[in-house]
Amino acid sequence: MLLATRLCTHFALAATCVAGADAALPRRAVAQSGAIGSLPGSLVPEAARIRPGVPFDVDAATDAWLATIPPEKRARSDAYYEGGYWIGFWMFLLGAAIALITLQLGWSRRLRDWAERRSGRPWVAAFLYYAGFVLLVSVLSFPFGVYTGFVREHAYGLATQSFGGWMRDQLVGLGVSIVLGGIAVATLYAVLRRLPRTWPVWGAAVSIAFLVAAALIGPVFIAPLFNKYTPLEDPRIRDPILRLARANGVAAQDVWVMDASRQTTRVSANVSGLLGTERITLNDNLLRRASPPEIEAVMGHELGHYVLHHVYVHILFLALLVLAGFAFVRWGFERAATRWGPRWGIRGIGDPAGMPLLWLLFSVYGFVTNPLVATFTRAQEAAADLFALNAARQPDAEALVMLKLADYRKLDPGPLEELIFFDHPSGRSRIRMAMQWKAEAAR
């Protein structure tokens with residue numbers, strides 16, 4: 001199922017989650033909330049407290065926060081996060097193997113012939129081929145998906161679903177991938193057939209258009225397929241969030257809660273959608289596990305993404321990345337099809353039988369460019385962190401939230417490790433930013 005989602009991402013680009021941002025705040029002043037109070041002093045480590053006449057050591061304060069996590073818990077979260085590096089690598093190899101097996105054994109050619117017999121219309125044949133290919137990938141990758149998405153998550157105490165509930169979500173996700181991805185792929189193959197010389201440019205444009213469409217309909221039509229969304233009723237939490245949003249130019253009327261606890265123990269929140277479908281959402285784990293100052297710090301971060309227009313920066317970055325990707329795929333496809341195309345039964349770039357080759361090439365491109373994407377995303381997340389500190393003014397709450405994220409994120413990686421693998425700043429980096437802000441604010 002995981003590889004099927006990757007397949008939908010590579011071709012439809014409707015679920016891609018790369019992001020980027022400038023590291024600077026907007027030129028206008030950030031409105032401050034200050035309406036929800038601060039953390040009790042007893043929760044703040046001694047070295048992280050501001051004391052009159054005593055110099056505040058940012059690094060000592062950061063170390064003090066990190067020291068509140070027991071060594072065994074840090075070792076567990078480090079093992080989980082580092083294991084993800086290998087999972088990504090093995091997922092890449094498994095996808096490449098499936099693509100090559102599908103081509104070498106003639107499955108792709110036969111699937112194309114079957115799709116063409118079912119319909120004389122090329123776009124329908126492309127849709128049917130894609131649906132069949134996604135199902136094939138799902139079956140072949142199913143054991144790997146069960147381990148990474150269910151067994152491993154339960155082993156680390158991060159999942160709450162039964163296997164039946166997990167399978168239900170996987171099947172719903174598969175159905176969404178087939179329908180939306182199939183429409184996107186059929187459209188893309190129409191471009192490939194009709195514009196054989198300039199298809200990389202137009203293919204990238206089609207992919208971005210579907211990304212924007214997915215962002216529009218996702219919060220309203222797709223997300224509720226997996227979780228129940230209800231308005232946040234508690235005015236002690238809701239009202240400060242809405243005041244913070246409106247003070248920073250976000251015309252929000254409601255805050256929504258999703259029942260993420262039916263699937264996971266993770267805390268999270270987001271401001272999703274665009275062009276009128278925006279929605280402020282926090283999950284019920286955050287409500288249960290975090291204090292009001294922590295919730296305000298989290299929502300300040302999520303509002304920062306919105307106010308800093310990260311979704312539009314994201315789309316621009318993705319457009320450039322996808323355009324370069326299509327150029328690479330054209331180069332690779334032409335050479336591979338010239339050498340092996342007759343054996344694989346590929347007639348040309350507009351032939352759906354070449355879809356596994358396209359998938360393989362996009363996978364290679366994504367694997368190689370992953371550090372660039374991670375770096376761009378980290379810059380966006382750091383900018384949102386800084387926005388949250390200026391808007392919510394909750395540096396200690398920010399630090400405490402970062403420690404909660406240590407359930408599944410490595411707190412203190414090496415510099416090269418953070419550069420290559422982290423799509424958010426590390427816990428140490430984020431806590432240090434909060435302590436630096438606290439030191440400057442106290443001057």
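Me: Which residue of S4 does Val271 stand opposite?
Reply: Val271 faces Ile280 in S4, and Ser272 stands opposite Arg279 in S4. This is a predicted model: local features need pLDDT of at least 70 and side-chain atom pairs count only at pLDDT 80 or more, whereas totals for chains, interfaces and linings use all residues. Residues are numbered from 1 along each chain as its sequence is written, and side-chain values use heavy atoms, leaving out hydrogens and water.

Me: What joins S3 to strand S4?
Reply: Four bridges join S3 to S4 (residues 279–283). Two strands (DSSP runs of E, at least two residues) pair if DSSP finds at least two bridges between them, so S3 and S4 are a pair. The two run antiparallel.

Me: Why is one side of S1 and of S3 left without a neighbour in the sheet?
Reply: The open sheet has four strands in the order S1-S2-S4-S3, with mixed pairing. S1 (229–231) and S3 (269–272) stand at its edges with a single partner strand each, so one side of each has no neighbour in the sheet. Neighbouring strands of this sheet are turned by 30° against each other on average, direction ignored.

Me: Which residues of S3 make up the covered face, and which the uncovered one?
Reply: Ala269 and Val271 form the covered face of S3, while Asn270 and Ser272 form the uncovered one. In a regular strand, side chains alternate between the two faces of the sheet.

Me: Why is Glu294 called buried?
Reply: Glu294 has a relative accessible area of 3%, and buried means under 20% (1.4 Å probe, protein chains only); Glu294 is therefore buried. Glu294 lies in helix H11 (residues 292–307). Beyond its neighbours within four places in sequence, Glu294 is in contact (heavy atoms within 4.5 Å) with Leu39, Ala397, Leu400, Val401 and Lys404.

Me: Why is H7 called roughly antiparallel to H8?
Reply: The axes of H7 (residues 163–194) and H8 (residues 199–222) come within 10 Å and cross at roughly 160°. Since angles over 145 degrees count as roughly antiparallel, H7 is roughly antiparallel to H8. Residues of H7 including Val176, Leu180 and Ile183 meet residues of H8, among them Trp199, Trp202 and Phe210.

Me: Which residues touch the most other members of the largest nonpolar core?
Reply: Of its 54 residues, these are Trp65, Ile280 and Met435. Apart from this core lies another, of 48 residues, including Tyr129, Val185, Tyr189 and Trp199. A nonpolar core is a set of buried Ala, Val, Leu, Ile, Met, Phe, Trp, Tyr and Cys residues joined through side-chain atoms within 4.5 Å.

Notes: Buried < 20%, exposed > 50% of the residue type's maximum accessible area, 1.4 Å probe, protein only. Axes fitted to C-alpha atoms, helices over the stretch in contact; angles between N-to-C directions. Parallel < 35°, antiparallel > 145°, perpendicular 65-115°, else oblique.
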